[in-house]
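Student: I have a model open and want to learn how to read its features. Can we take them one at a time?

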Amino acid sequence: MTDLRQQARDFASVLAALLNGTVCDGITIQAYVYKPTHVLVGHGLSKDTLEVKPFRLLVGQGKPHGWLEISYRLCHDDEGQYLTVHSSYVGVFANDKERSLLCHVDYERDKTHGYPEAHLQVEGESAALATWRLTDGTRNRDLRDLHFPVGGRRYRPALEDVIEFLVMEKLAAGRPGWKSVLDESRDGFRKRQLRAAIRRDLETAKQAVKDFDSPGS
């Protein structure tokens, strides 16, 4: 079996390089085994605590006030070879004390109660939702309770997509060359997802290659 601990540390290094090359400065990301087959990856982890902590975003001039919190729970795939994300959380906050949440992008493999594995939840008020009579006859759902689907297990948003959102919406300041760092990292993520999709559906992959090689394709 491939070394899960080392794979997770490599993954943490990739995340740290992405963050420090785009919207952060000197952020560290740790990886700790919390049970034999699972590893927790995030900021602020130590031998004394497995609670991830938020970290500041660059926001240009003035005191930093944007914060990001990330958490990944990793394991091996069924073959015990490839690193797999069991769940992930990327939350955007206005500060780290009052925990003023803007939104969070979540992924939970085999999520219960029928909710989408990959989803977005937004903090705020919705006039439309306040007047919406739900199918159970109630009108008491908050916007934060809605799980907006975002692509499913294989095509879910990556941390790179959240970083791009932060910079483009001027919620964080991108470091010089941030877009090149982000594009290279996102390309790597998408290729890993593609390889995983091929491993899980070899027949479709073989057919796609045949279609590509056939005359007139």
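Student: Is D110 buried or exposed?
Tutor: Buried means under 20% relative accessible area, exposed over 50%, partly exposed in between (1.4 Å probe, protein chains only). D110 has 56% relative accessibility, so D110 counts as exposed. This is a predicted model: local features need pLDDT of at least 70, side-chain atom pairs count only at pLDDT 80 or more, and totals for chains, interfaces and linings use all residues. Residues are numbered from 1 along each chain as its sequence is written, and side-chain values use heavy atoms, with hydrogens and water left out.

Student: What is the phi of D110?
Tutor: Most residues other than glycine have a negative phi. D110 is not a glycine, yet its phi is positive, about 55 degrees. H113 also is not a glycine and has a positive phi, about 65 degrees. H113 lies in the loop between β6 and β7 (strands are DSSP runs of E, at least two residues; helices are runs of H or I, at least four; both are numbered from the N terminus). H113 counts as exposed because its relative accessibility is 73%.

Student: Which residues line the second largest pocket?
Tutor: A pocket is an open set of points on a 1 Å grid over the protein atoms alone, where a 1.4 Å probe fits, with protein on both sides within 12 Å along at least five of seven lines; lining residues have an atom within 4 Å of a point. Here the lining is V92, C103, V105, L120, V150, P157, D161, V162 and F165. Helix α3 gives the most, with 3 residues.

Student: Where does F165 lie?
Tutor: F165 lies in helix α3, residues 159-168. F165 counts as partly exposed because its relative accessibility is 34%.
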